[in-house]
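Look at the model first, then read on.

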Amino acid sequence: FELSFTKPLNFYAATGLKPVSGTDNKAVFRCNNADELYDSPIMFSVPDTTSVRVGNADVLIAVYSPKKLATSKFIAANLEKLMMATKDYLGGKLPVDKYAFIFYFNGEQKKMETSGAWEHSYSSFYSLDEAPQEEIIELLVDISSHEFFHIVTPLTISSREVREFNFNETHLSKHVWLYEGSTEYYAHHVQVWAGLKTPEQFLATLSQKINYSRSYFNDTLSFTELSTESAGKWKPQYGNVYMKGALISACLDLYLLKLSDGQYGFKNLKHDLGVKFGKDKFFEDAVLFDEIEKLTYPGIKQFLLTFVEGSKPIPYEEYFGLAGVQYIPKEMTKSFSLGGVSITPDAGKLILGTKNMNDFGKKMGYQEGDELVSINGTVISAGNIQPFIQELNTTVKEGDKVEVVVKRKNANGETGNVTLSAPAIKIERTQAHVLRFDKNATADQLKLRNTWLNTSCRN
């Protein structure tokens, strides 16, 4: 297929394709087959682009933000560290020589019902509501990390069902735990491995995934069955792919490191699977576990049969315990809080909900629908709310004055600022599915932990 576009003189085609020719008002691309054609999104706009050289690859960051709330320069500066870390994580070389991050921020039309990101072989496309870049950059980095790692799975390693996808009749692979689950794990693990996030932040992410997985999804559902029926009867369970799917990979990583005395982890396994199959081959769904056993250990195949194909919940205390990490199903703690109010972003505002408000929240006097403005004099936004609350909870002392400014409508329907305050108190709360580093970890556990998190080089 040859694609020839006539375009305005000031427009640029952001894509993972390489142009074969073109002039100021024309862009020409060639695709070898239909697969490459629909695998290659192109965004035409007045250019806002930044290019970064990452090892062997040229990486393009292209942004369309009509209100100029986001720029390619800012996003590229934050993605560059991630890209460099990814290169090292994958052994010093990326499996592509060109890649494009294409960001479309909707600031002109009504809010989209669906937003998200889509992976492609040489690019990823992001369709998101426009917001100040400082507020969403952490989310953008996490999403971009996930989509970029899809160049490994399933774009390099996949089954027949993926490689020869039947667009007329759906036949899904059994191994979404590998395609989406391990990709989600990589997206977070690379950041702690490279020192972009702390080990505590990484554990907190895994804890949240366990909590969400066991609170909202069926923990005894076979993951291979979930995969094959993820567009059918198990569609409501699909979200667990990003929760338990990532946790399967985390436990596999720890188990591999244990069996190999720290010499062979999950990313080594995926590298070897990529060498064996690669972009132009595929594996048969039914034999993947056998192929993995050939590359690793019988115990790994049994893990997959028991916890991925089988219906038995993963004993997290056993596998995280290999690295001296405690799994605590439930514990009672006393800690500071902002009042137990929910905080919901809405068109750039942070709206408070009082349904589960605790005693401190009642003393503060929050009302349903209050718009959060500031805490102790610091203006609060979606971008700084989480780290600010975490810092506040660790630095505040009982009796310290907590002052929160909210916007609220009065009896006449007029909106104005209202200052709420109360002395800080500790509130008893229940925490579920907590992962915590064991202070009494053995030397062997610490050794495996340092290898898993790559912290030995930073200690």
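## Charges over rings

The charged end of Lys270 sits over the ring of Tyr186, 3.9 Å from the ring centre. A charge sits over a ring if NZ of Lys or CZ of Arg is within 6 Å of the ring centre and within 35 degrees of the ring normal. Lys267 lies over the face of Tyr89, 5.2 Å from the ring centre.

## Basis of the model

This is a predicted model: local features need pLDDT of at least 70, side-chain atom pairs count only at pLDDT 80 or more, and totals for chains, interfaces and linings use all residues. Residues are numbered from 1 along each chain as its sequence is written, and side-chain values use heavy atoms, with hydrogens and water left out.

## Ring pairs

The structure holds 32 aromatic pairs. Rings of Phe, Tyr and Trp (its six-membered ring) pair if their centres lie within 6.5 Å; planes under 30 degrees apart count as stacked, over 60 as edge-to-face and the rest as tilted.

Phe5 and Phe29 have ring centres 6.5 Å apart and planes at 65°, so this pair is edge-to-face. Phe5 is partly exposed, with a relative accessible area of 29%. Phe29 is buried, at 3%. Buried means under 20% relative accessible area, exposed over 50%, and partly exposed in between (1.4 Å probe, protein chains only).

Tyr89 and Phe149 also form an edge-to-face pair, 5.8 Å centre to centre with 65° between the planes. Both Tyr89 and Phe149 are buried.

## A ring cluster

Ring pairs join Tyr99, Phe101, Phe103, Phe105, Tyr126 and Phe148 into a cluster.
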